[in-house]
Amino acid sequence: QVQLVESGGGLVQAGGSLRLSCAASGTTFSMNIVAWYRQIQGQSREWIGTRLIAGASNYADSVKGRFDISIDNAKNTGYLQMNNLKLEDTAVYYCKGVIRGRDYWGQGTQVTVSS
């Protein structure tokens with residue numbers, strides 16, 4: 001059974017950095033695409049960005065220049081590097097990995113940015 005397990009969330013001060021991880025298990029196939037989303041309580045889930053294993057990436061304007069998505073093919077793990085965090089980045093962050101054409105979601109991890 002394929003699972004994506006997220007880690008790396010927590011509490012950070014505004015201006016700080018965090019790196020989230022999204023590790024795939026239960027499969028020998030690689031994640032071809034990794035995307036990250038976030039959800040603020042009471043709001044709909046927001047797309048943050050997507051990276052293809054071939055290298056192309058795209059980001060929402062709200063995080064462009066501050067967030068970076070990468071994929072470590074050897075570890076079958078995706079990452080979300082978040083820099084210069086702002087109060088409005090506080091949310092639950094979810095990863096989505098595409099493996100053999102199917103979407104798999106992580107369980108979500110809380111990121112809280114304090115002043």
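The legends below describe close-up views of a predicted model. Because the model is predicted, local features need pLDDT of at least 70 and side-chain atom pairs count only at pLDDT 80 or more, while totals for chains, interfaces and linings use all residues. Residues are numbered from 1 along each chain as its sequence is written, and side-chain values use heavy atoms, with hydrogens and water left out.

**View 1. The open sheet has four strands in the order S1-S3-S8-S7, with antiparallel pairing.** Strands here are DSSP runs (E, at least two residues), numbered from the N terminus, and two of them pair if DSSP finds at least two bridges between them. Strand S1 (3-7) and S7 stand at the edges with a single partner strand each, so one side of each is left without a neighbour in the sheet. On average, and with direction ignored, neighbouring strands of this sheet are turned by 15° against each other (axes are lines fitted to C-alpha atoms, and angles run from 0 to 180 degrees between N-to-C directions).

**View 2. Strand S8 pairs with S3 over six bridges and with S7 over six bridges.** Within these pairings, Arg 19 stands opposite Gln 81 in S8, and Ile 69 stands opposite Leu 80 in S8. Five of the six residues of S8 are buried, where buried means under 20% relative accessible area, exposed over 50% and partly exposed in between (1.4 Å probe, protein chains only). The hairpin of S7 and S8 has four residues between the strands, and Asn 76 takes a positive phi near 50° there.

**View 3. The largest nonpolar core has 26 residues.** Such a core is a set of buried Ala, Val, Leu, Ile, Met, Phe, Trp, Tyr and Cys residues joined through side-chain atoms within 4.5 Å. The residues with the most contacts inside this core are Trp 36, Phe 67, Leu 80, Met 82 and Tyr 93. Strands that each supply at least two of its residues include S3 (18-25), S4 (33-39) and S9 (91-99).

**View 4. Tyr 37 and Trp 105 form an aromatic pair.** A search of the whole structure finds one such pair, and its rings lie 5.0 Å apart centre to centre, with 50° between the planes, which is a tilted arrangement. Rings of Phe, Tyr and Trp (its six-membered ring) pair if their centres lie within 6.5 Å, and planes under 30 degrees apart count as stacked, over 60 as edge-to-face and the rest as tilted. Tyr 37 is buried, with a relative accessible area of 16%, whereas Trp 105 is partly exposed at 37%.
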